[in-house]
Amino acid sequence: MALRLRTDWILFTTIIAMVFFGGLMIYSASSVMAELKFGSSYYFVFRQVFWVVTAVSIMMLIKRTHYRTLQHPGFAFAAIGLVLISLLAVYLIDGQQHRWIRLGFVGVQPSELAKPALVVFLAYFLALRSRAINNKHTLIPAAMAVGLVTVGVVVADLGTAVVLMATAATVFFVAGLEWRYCLIALVIAMLGVVYAVASKPYRLARVVGYLDPQFTIVQHFDPQGRVKEYLKKSLVTKDTSYQGDQSKIAVGAGGVTGQGLMQGRQKLLYLPEAHTDFIYAVVSEEFGLLGSVGVLLAFGVILWRGIRATILIPDDFGRYLALGVTTVLVVQGFMNMSVVLGMMPTKGIPLPMISFGGSSLLSTLTSLGLLLNVSEHAG
Amino acid sequence: MDAGARLRAVKRLTWLVGAIVLWGVAIFLKLISLQLIHHKKYLAMARQQQEMKVELPAARGNIYDRNGQPLAMSLPVDSVSVNPRRVPNLSIASEVLASILNIDREELAGRLQNAVELKKGFLWVKRKIRPAESERLKSLHLDWIDFHPESSRTYPAGPVASHVLGMLYVEEDEERGAAGIEKALDSELRGHAGTERLLTDVHRRGLDSQISLAAQAGKSITLTIDEAIQFTAEKYLRLAVESNHASTGSIVAMNPNSGEVYAMANYPTYDPNLPPSKNEPPGARLNLGASVPFEPGSVFKVVTLSAALETTNIRPDTIINCGSGAMNFFGRVVHEAKHGYGSISMADVLAHSSNIGAIQIGLKVGEKNLLDYVHRFGFGSKSGVPLPAEASGRVRKLERWTKTSIASVAMGQEISTTTLQLARACSVIANGGLLVKPRLVLKDGDIAQQYEQPVRVIRPETAITMRQMMEGVVIKPFGTGFHLPRISGYSFGGKTGSAQIYDVASHHYTHLYNASFMGFAPVNNPSIVVVVTVNGSKGFGAPVAGPAFSAVMAEALRVMDVPKDLPETIDPKSDDQKMLLAKAATRADADNAADAVMGDESSPQPNILEEEDTVPSMATAAAVTIPVAQVIIPKKPEGSQAPNFRGKTMRAVMEEATELGLRIMVAGSGVARQQVPPPGSILQPGEAIRVQFAR
């Protein structure tokens, strides 16, 4: 290994730029709200700075560690096992949302950390069994692992679960899964999603709000209005289409050049979660089409560099690692944008690198650290 | 990985990347749609929910008298609003607000609840609260209560000129003129409200504001009214009505040449600072002098005689046969007030105020000419003064005249006029034959109001002749106005009138009179016309309306600095004694007059009575001056102490008085020099303090 490695500067620069841009947007989106709620307009920014320092350090550490160090059953199973245990723990500790583990002043979301863990596990497993993908001895344990993690995540966080399933499906698909298995997996996944949606009133409310905001279709086969009654139990959204409408107003009001940094108005509590899940709306409102397309292109860069690494890397583990990471990040990014633009029902997923949130940033930059490392070796 | 598997992997990867890129393109297209194609729509939606328009009320213009004394001012006060969505506890909030602001708690709680349900971010709690209330509320430091500076209408001179000024009422949170100049010139005074765009968050908290349209203050109006003359007119009118147990009265004083109205007083009156109440006498808020016509009676003989001078060959010395005191005219018996005058000159017909003489002259003039001159003198049509409820009076068309109508009209019956119309008609005589338009507004904003060219209606010679004959009314010993108080240094002329009040319900003339006097001074170049009408008195014109006429005329001549045309005489008596004398005279005369009334009350035909010349207690003091007195308000040992206003500016005085809830009346300009009652004296509840300002 005397070969001198060249950092993937395109990818690296994009990541750092996005993280800094994210910090700026978090300040813009949260300052008024933070001032009103916590008495300090820097409340969220300070927190994010702490997480950026931590997460970037971890990313640099991983970037400098050869990815093949991870190609070891100890890492693969330890990672997935830790995630499963913490998912169980969070289910028991956070009785309400099953989402947060509080450690001092920081909160950790195990569901976020499940993403790199699952990617590492899948890469290890598929590299191990790459010659017998369609063998049931490969499929059943893999399906069990994916299923366990997904079920663990879906309790709290349907959006992340969908991202995880999509990632697993992608990796298996590229690895050469037979079409019939693909079909079976798709059917199971869809049934799972339908069940998951129907089990929580707020999820169903969001889906109905997206597909049928006036309840005209629902009225058709539910004249007693039981569904409507059920949806009313949802405390999150009284008006099922409110979030989507506010978000579209913000994006539309941005125009081509935007209102200018800090000049957006939809963040004045009209936009729900302006600094986290709907930060893309704030970006679009303040920087207009130029800003929103810019962020879209940044994810394009990640896709480009990720697929490039996937193709160029010689070993299977590196390939599935790069593909998994790329899929996780790009699918999550596009999903978040689609929600903000009203192309999908509302899901609680953050925009990687931009949104406020320590766990998300940690998870994203850990994954990107892996991708940077793979990309170096691919180059 | 074998080659086949590898190829398949690359193919599948390509499909996958293709799908993701397609997704990215879809996102891009959606962005184009939202931010480029539908940008305007979304921007409008955003602004609509983010911005709140707040009206900025315009300050209402002030109203000044001709010398710049404020008669109506707008003082700064606070209005209170809340953001219902920020009120932490509705029932506590309504409790607190209701107790401090003296409003109904239930009603407020209902309004708050309603506003919360409708997701309103703004609710007026009370407009224009008192400074003390504002202070108490501000001391609570509740951040959900908002204060808005507004202005409150104050009439610093109290009831002075109240009928001319009118009053305001509030409709849809906006002050509107309800009567008088406030109504007639409402659009000028009101100004234009501005708007402020308030940037709000989702809870309607204002975060930033931007004035999109600045409020434009209303124009100030300068009236032709002179506060001093107006004050005197109101004071003597009140004395005249009350001491004669009459019901109502009005006085108009005007410049016969320019038409400027110096005073327009009515009784009963009211304080425009107070809202209408049941305790007020009925009609207290009516501008009787301009809005309520009455039968003028003998003062109208001036019109008949002017018409005769213009259309017949009757001259002042032409002898008219007035018979023996009664005249049968187509079955209607007309009486003189006391006795027959025999054959007397036309000038003496006016001086005696002979009914039969007036009828004889009227018959010479003829129906058509008489009616023509009635119209020429401005009767039957509005004078065009800017008052919203001016009445035109009634003049019957010729077709509707009966055989006896000419006799009635000749002596001022079957016709109705307002005091203002009489003043205008008297001005025709005074100014040499021109019909002027009475004016109340001197300046509208900074622009002087246009002076309309008056119309000539009679020949100058006629007017001059009439002036001399009208002077005769007050200088001839047998003249009905002979016992009017003299005005030191000035000659004057005029005509008395005592029209019996016709009871419409019973078709009878009652024993009550519209006692009036209209006159001008000085005789050779009249500068002032004053008309006094006292309705429902038991006494005749001269003793009832005369003292008020002389007092107001004297004050107007003094204030307007009219050159004297007679040597001054020294008045041995004080003002108060004079008034007492006048009152005594009135009563004595009323008793006499009652004896003199002819017993034709049963007759359905109109009749007219005229006063006799003997007014016993007025003695022979030929010249009595009427100085203008200051109102001295009696002190009573109750209530709060009068503060010391001396040395303060008018605005400071007004604000302090508003704060203390005191009524004050101001005069002059500059800083406060004198006040009645003096500082420290005990005020009766509701008692006003009169403050004299000087530079």
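I call a residue buried when its relative accessible area is under 20%, exposed when over 50%, and partly exposed in between, using a 1.4 Å probe and protein chains only. By that rule A:Phe44 is buried, with a relative accessible area of 8%.

**Ground rules**

I am reading a predicted model, in which local features need pLDDT of at least 70 and side-chain atom pairs count only at pLDDT 80 or more, while totals for chains, interfaces and linings use all residues. Residues are numbered from 1 along each chain as its sequence is written, chains are lettered from A and ligands numbered from 1 in the order in which they are written, and side-chain values use heavy atoms, with hydrogens and water left out.

**Chain A, overview**

I began with the secondary structure, where helices (H or I, at least four residues) and strands (E, at least two) are DSSP runs numbered from the N terminus. Chain A has 14 helices and two strands. Of its 379 residues, 58% are buried. I then looked at contacts, meaning heavy atoms within 4.5 Å. Taking contacts in chain A between residues at least 6 apart in sequence, I find that 75% join residues at least 24 apart.

**Aromatic rings**

For ring pairs I take Phe, Tyr and Trp (its six-membered ring) with centres within 6.5 Å; planes under 30 degrees apart count as stacked, over 60 as edge-to-face and the rest as tilted. Over all chains the count comes to 20 aromatic pairs. One of them is A:Tyr27 with A:Tyr42, a stacked pair at 5.2 Å centre to centre with 15° between the planes. A:Tyr27 belongs to helix α1 (residues 9–38) of chain A and A:Tyr42 to the loop between α1 and α2 (43–64), so this pair ties together parts that are 15 residues apart in sequence. I noted A:Tyr27 as partly exposed at 22% relative accessibility, and A:Tyr42 as partly exposed at 40%.

The rings of A:Tyr43 and A:Phe44 make an edge-to-face pair, because their planes stand at 80° with the centres 5.1 Å apart. A:Tyr43 is partly exposed at 25% relative accessibility, whereas A:Phe44 is buried.

**Charges over rings**

Here I ask for NZ of Lys or CZ of Arg within 6 Å of the ring centre and within 35 degrees of the ring normal. A:Arg47 meets this over the face of A:Tyr43, at 4.0 Å from the ring centre. In chain B, the charged end of B:Arg376 sits over the ring of B:Tyr373, 4.6 Å from the centre of that ring.

**Helix α5 of chain B**

Next I went to residues 131–139 of chain B, which make up helix α5, and found B:Glu133, B:Ser134 and B:Leu137 buried. Why do I put them on the same side of α5(B)? They cover an arc of only 100° around the axis, which places them on one side; the arc is that of the directions from the helix axis to the C-beta atoms. B:Glu135 and B:Arg136 are exposed on the other side of α5(B). The cover over the buried residues includes β3 (70–82), α3 (90–101), β4 (123–129) and β5 (145–154) of chain B. Just after α5(B), I noticed that B:His141 takes a positive phi of about 55°.

**Strands β1 and β8 of chain B**

I count two strands as paired if DSSP finds at least two bridges between them. Strand β1 (residues 51–56) of chain B and β8(B) run antiparallel, joined by six bridges. Five of the seven residues of β8(B) (residues 194–200) are buried, so this strand is largely enclosed by the rest of the structure. B:Leu56 stands opposite B:Gly194 in β8(B).

B:Glu55 also lies in β1 of chain B, and I have it as exposed at 52% relative accessibility. Leaving out residues up to four places away in sequence, B:Glu55 touches B:Ala193 and B:Gly194.

**Two last look-ups**

B:Asp348 has its place in helix α12 (residues 346–352) of chain B and is buried, with a relative accessible area of 17%. Apart from residues up to four places away in sequence, B:Asp348 touches B:Ser353, B:Lys476 and B:Phe478.

How many disulfides are there over all chains? Asking for cysteine sulfur atoms within 2.5 Å, I got zero. B:Cys322 is buried at 0% relative accessibility, and B:Cys426 is buried with a relative accessible area of 0%.
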